[in-house]
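Hi everyone, thanks for coming.

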Amino acid sequence: MPFARLAAATTPTCHIGLGLAAVGRPGYINLGRDEDLPSERTVDALRNRTHELLDAAYAQGVRYFDVARSYGRSEEFLADWLRGRPGLDDIVVGSKWGYTYTADWSTDAEQHEVKDHTLATYERQRAESDALLGDRLDLYQIHSVTPDSPALTDKELHAKLAEAAAQGLTVGFSTSGPAQAEAIRAALAVTVDGEPLFRTVQSTYNALETSAAPALADAHDAGLTVIVKEGMANGRLAGQHAPDALKEIAEQTGLGCDAVALAVILRQPWAGVVLSGAATTGQLASNLHAAVVDLDDDQLTRLATLVEEPQAYWERRGQLPWH
C-alpha cells in the first residue's frame, strides 16, 4: 500500500495531510474564507496559492495530499506542482470520484457539485483523473458514501474497482452525514472474490462530531488506513469561531485552537492521517503544531463536553454558506 511510505517517514508531521478542497475552487463552506483568500479568485491566483501551500507543507514534513474531481481544479493544480518536482517519490496522492463540479468557477452558483456513484461516472472521472495525475495517483476514493449509496451494492462497479486495485491503485471511500458509522460498516462488508475491496476510509471526525469513532476503530482493526477529514469542522473549531472551552485550553497550551482540535484527533489510535484544510501558509503552520500538543486528562474531559448529536451537527454544516 502507498501509505507504507508514511511509516518510514521520521517527521512528526508525516501523519498530517493537506487537503485542497478550500483552495481548488473559488467557493467553499469554510468559515472565515472571505479573509483567507485573495479577493480576485482567478484560476492563476488559486493555482499560486495552492502551490505555496504544497511547498510549505512538503518542507514541513507533510507527505499526503488529498484532492477530488469536485474540488474545482485541485487535481490540475496538484498535477502542475508534481510535474515541476519529478524527484519527489516519498509522497502519497489521493483523489476522489463521485461528485462532479458544476459551479463553473463561480462563488454563487445555484449548485456547486452533483453526486453520482454510478459506474459510468467512475469510468468518466477515472479517465479525467488519470489524464491529470497519471501514475502519481496512489489512492482513488468513492466520494461521500452514505448507507443508501448504490456504490455499496453495484457488483459491476465493484469488479471494475477490484480490477484497478489489481493494477496497483489503492481503492477507498469517504463518508459524510449523520449515518457515517453505518456506511463504514456496510463498506467493510463489500468483497470481490472473497477479498475486501476497500483499503482506506476517509471520514469526518472532530471535537464536535465523534459518532464515527467506533466504526473507524473497526476499519483500522480490519487493516484499512483511516484518513480523518474536517477536523476543524469547517472552521467552527478555529479562532474566533471556536467554543470557549477550546479557546481556554488553547491558551493553556500556548498554541492555536486549530492545533488543539487536530491534536485531539491525532491521539486516536485508529487515525492514520489527519487532514489540514488550510487556505494560508500561516494556517498550515499553526495546524502542524498539532503534532506537539500535549493534552492532560482534565483538558480532554472538558473537550469531550463539546460533542454534538450527529443530526444537529450535520444540519448545522448543511446551513453553512458557500463563500
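Helices here are DSSP runs of H or I with at least four residues, strands are runs of E with at least two, and both are numbered from the N terminus.

Before going on, a word on what you're looking at. It's a predicted model, where local features need pLDDT of at least 70 and side-chain atom pairs count only at pLDDT 80 or more, while totals for chains, interfaces and linings use all residues. Residues are numbered from 1 along each chain as its sequence is written, and side-chain values use heavy atoms, with hydrogens and water left out.

Back to Q299. Is Q299 buried or exposed? Q299 is buried, at a relative accessible area of 7%; buried means under 20%, exposed means over 50%, and partly exposed is in between, with a 1.4 Å probe and protein chains only. Setting aside neighbours within four places in sequence, Q299 is in contact with I249, Q252, T253 and D294, where contact means heavy atoms within 4.5 Å.

Now zoom out. The protein chain has 13 helices and 12 strands. With 323 residues, a compact globule would have a radius of gyration near 20 Å, and this chain's 18 Å agrees with that. That radius is taken over C-alpha atoms, and the globule rule is 2.2 Å times the number of residues to the power 0.38. The C-alpha atoms fill a box of roughly 55 × 45 × 40 Å along the principal axes. Buried residues make up 55% of the chain. And of the contacts with a separation of 6 or more, 79% are between residues 24 or more positions apart.

Next, helix packing. Two packed helices are described by the angle between their axes and the distance between the axes. How do α9 and α10 pack, and at what angle? Their axes are 8 Å apart, at an angle of about 100 degrees. The axes are lines fitted to C-alpha atoms over the stretch in contact, and angles run from 0 to 180 degrees between N-to-C directions. So α9 and α10 are roughly perpendicular to each other; under 35 degrees counts as roughly parallel, over 145 as roughly antiparallel, 65 to 115 as roughly perpendicular, and the rest as oblique. On the α9 side we have L246, K247, I249, A250 and T253, and they meet C257, V260 and A261 of α10.

For another pair, take α5, residues 119-133, and α6, residues 155-166: their axes come within 9 Å and cross at roughly 25 degrees. That makes α5 roughly parallel to α6. Here L119, Y122, E123 and R126 in α5 meet E156, L157, K160, L161 and A164 in α6.

Over to strand β3, residues 92-97, where you'll find V93. V93 is buried too, with a relative accessible area of 1%. Beyond its neighbours within four places in sequence, the contacts of V93 include Y64, F65, L78 and L82.

S144 isn't a glycine, yet has a positive phi of about 60 degrees. S144 is in strand β6, residues 139-145, and counts as buried at 8% relative accessibility. N234, also a residue other than glycine, has a positive phi near 55 degrees. You'll find N234 in the loop between β11 and α9, and N234 counts as buried at 4% relative accessibility.
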